[in-house]
Amino acid sequence: MPGFSQANELKSWTELATHHKTLSKDIVLKEYFAKDPQRFEKFSRVFKNEADGGEILFDFSKNFLTEETLDLLVKLAEESGLEKLRNDMFAGEKINFTEGRAVYHVALRNTSNTKMEVDGKSVVDDVNAVLEHMKEFSEQVRSGEWKGYTGKKINTIVNIGIGGSDLGPVMVSEALKPYGDRNLKLHFVSNIDGTHIAEALKDSDPETTLFLVASKTFTTAETVTNANTAKTWFLKTAKDDSAIAKHFVALSTNESEVTKFGIDKKNMFPFSDWVGGRYSVWSAIGLSVCLYIGYENFYQFLAGAHAMDQHFLKTPLKENIPVIGGLLSVWYSDFFGAQTHLVAPFDQYMHRFPAYLQQLSMESNGKAITRDGKYVNYTTGPILFGEPATNAQHSFFQLLHQGTKLIPTDFILAAKSHNPVEGNKHQRMLASNFFAQSEALMLGKPDSEVKAEGAPEELIPHKTFLGNRPTTSILVDKMTPAALGALIAYYEHLTFTEGCVWNINSFDQWGVELGKKLAVKILGELDDGKAGEHDGSTSSLIEAFLARGKL
Ligand SMILES: O=P(O)(O)OC[C@H]1O[C@H](O)[C@H](O)[C@@H](O)[C@@H]1O
């Protein structure tokens, strides 16, 4: 435990509160740029990705910060024990103390084969053995050497998993679609809503479909139910249980449940309990991605994340890109009263990125209890949301520009498009919006300008934009596997930094449990056809469902 309970007991927190009083009255971003021609240089950082030689430019200069702010925020990180907690994570210490586990997803992408241990035992060989198995298997499936039970090549992959066993694989395979094998059809089935599995099966042929049952625990009701439905569907045609081995593999930590389900141990891709669900795309859970983009690209994805890990581990805090991102988030949440964090990728392939980040951020830092068991005296994890731009501009950006809320926003763009159609015209239009949005959010539009344009007097307030809305712009060279790996790792370490300052355990998820238990109880009532003891609303709703939903 760190030497403090509540973050707002820290000296730097009090100093930040005093600093905030003056800065919040004074800061007008456009004026700060006018006053300081070096502002961009001071507050932007370039990440050099050793994995593929690419760069990612993080421009923090359109945020509410001065050199004093940054120094105080760095002091806050130091006082909160960020360096120790980070080093403990990289040393395999059990920093997820409520579950007695190490937090070691960084060991899954240890492409430099650095010594990494848990309980004094190296994990490097085990991690590499699973990667080797993934390589061999993905090459066999992609080449057609792996055959279905009637001797046909696999052309459809159905990943059955939910939460971290779904969001990472879907997001990454969508984001890296340009690297995908288009002869492989991918389906991701997560929802217990029968529609999800039914639609995937309608589109699949049992002779050529491979099911990946992805579940860390292998006890998640949705996944086990969907997997059993898939098995029944498959056996209806295949008839013989021995055919399962060619069509079902498991990605899990739970060997006994996997074998109980009927999947052979040799078709199981294991990982360890020190991999949290929302950090598991780097593990065997990423097999669908590996099958789709091929092992070399998957390995590059890991290497890009590893490069960001090394940056996070070794760079002084003031230059440390994810640390700055995390501290800014704390700054907005706890001193400016921001409730949200918007992430808008200017990249259609990244359309599931905000959904992925929602689990990463909100399952990690949606907590209110400090590491020593007290209720926090301040606000913690923001509500993260987002949609790809430019679409988002045409829906909810109105609220960003003229609403009453402060919404710290990240914009992400890759300079080089994978599809430079029409002589790159689309890309230039996309990029022009990326620049225009952050500029407009900062500059606003004063009433004098609206007036000068000849707007009628009564419309002037409606057409005026206050501006001074903060944004972080993230410019990637090209969205390669290594760049995406680094970008995800950036958000992971940003989330880590926030949780450390707030002194909460970012690595458990007890909050998900209650709903699951209640659902099991009510399922029994639905099976019996009668509502049990509930409040008036819940029993009436159950009765109404029973009356209307009869088959
Ligand atoms: O991979 P599984 O064990 O099936 O878990 C899937 C998901 O279920 C949960 O309820 C957790 O909140 C998630 O963190 C997890 O990713």
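**Pockets, cavities and a ligand**

Modeller: Let's take a pocket to begin with. The second largest pocket has a volume of about 490 Å³. Keep in mind that this is a predicted model.

Biologist: Which residues lie nearest the centre of the second largest pocket?

Modeller: Asp347, Gln348, Ser417, Gln427 and Leu430 lie nearest its centre, out of 23 residues that line the second largest pocket.

Biologist: Which element gives the most to that lining?

Modeller: Helix α17 does, with six residues. Both β12 (409-416) and α17 (421-443) supply at least two residues of the lining of this second largest pocket.

Biologist: And by class, what is the lining of the second largest pocket?

Modeller: Nine residues are nonpolar, ten are polar and four are charged.

Biologist: Now the largest pocket. How much space lies in there?

Modeller: About 1200 Å³. The ligand takes up space in this pocket, the largest one.

Biologist: What lines the largest pocket?

Modeller: The lining has 41 residues. Ile162, Thr220, Glu222, Val512 and Lys516 are the ones nearest the centre of the largest pocket. By class, the lining divides into 15 nonpolar, 16 polar and ten charged residues.

Biologist: Which element has the largest share of that lining?

Modeller: α21, with seven residues. Three helices each supply at least two residues of the lining: α9 (221-238), α15 (353-365) and α21 (513-528).

Biologist: Back to the ligand. Which residues come nearest to the ligand?

Modeller: There are 14 residues around the ligand, and Ser165, Ser215, Thr217, Thr220 and Glu363 come nearest. Thr220 also turned up among the residues nearest the centre of the largest pocket.

Biologist: How far is the side chain of threonine 220 from the ligand?

Modeller: A polar atom of the threonine 220 side chain lies 2.5 Å from a ligand oxygen atom. Serine 165 has a side-chain N or O atom 2.6 Å from an oxygen atom of the ligand. For glutamate 363, a side-chain N or O atom is 2.7 Å from an oxygen atom of the ligand.

Biologist: How much of the ligand's accessible area does the protein cover?

Modeller: The protein covers 89% of it. On its own, the ligand has 390 Å² of accessible area.

Biologist: What classes of residue make up the shell around the ligand?

Modeller: The shell has two nonpolar, nine polar and three charged residues.

Biologist: Change of topic. How does anyone find empty space in a protein?

Modeller: You roll a probe the size of a water molecule over the atoms, and that shows where empty space is left.

Biologist: How many cavities of 30 Å³ or more does the structure hold?

Modeller: Two. About 160 Å³ of space lies in the largest cavity. The largest cavity is lined by 18 residues, and Ser329, Tyr332, His341, Pro408 and Asp410 are the closest to its centre.

Biologist: Which element gives the most to the lining of the largest cavity?

Modeller: α14, with five residues. Each of α14 (321-335), β10 (340-346), β12, β13 (471-478) and α20 (481-502) supplies at least two residues of the lining of the largest cavity.

Biologist: What about the classes in the largest cavity's lining?

Modeller: Eight nonpolar, nine polar and one charged.

Biologist: And what lines the second largest cavity?

Modeller: The lining is His341, Leu357, Leu360, Ser361, Leu384, Tyr491, Leu494, Thr495 and Glu498. The elements that give two or more residues to the lining of this second largest cavity are α15 and α20. The largest share, four residues, comes from α20. About 40 Å³ of space lies in this second largest cavity.

Biologist: How do the residues of that lining divide by class?

Modeller: Five are nonpolar, three are polar and one is charged.

Definitions and conventions
Residues are numbered from 1 along each chain as its sequence is written. This is a predicted model: local features need pLDDT of at least 70, side-chain atom pairs count only at pLDDT 80 or more; totals for chains, interfaces and linings use all residues. Side-chain values use heavy atoms; hydrogens and water are left out. A residue is near a molecule or strand if one of its heavy atoms lies within 4 Å of it. A polar contact is a pair of N or O atoms within 3.5 Å; within protein, one must be able to donate a hydrogen and the other to accept it, and residues adjacent in sequence count only if both atoms are side-chain atoms. Accessible areas come from the Shrake-Rupley method with a 1.4 Å probe; for residues, only the protein chains shown count as cover. On a 1 Å grid over the protein atoms alone, a cavity is a set of points where a 1.4 Å probe fits but cannot get out, and a pocket is an open set with protein on both sides within 12 Å along at least five of seven lines; lining residues have an atom within 4 Å of a point. A molecule sits in a cavity or pocket if more than half of its atoms lie within 2 Å of its grid points. Ala, Val, Leu, Ile, Met, Phe, Trp, Tyr, Cys and Pro count as nonpolar, Asp, Glu, Lys and Arg as charged, and the others, Gly among them, as polar. Grid points are joined across faces, edges and corners, and a volume is the space filled by probe spheres set on the points.
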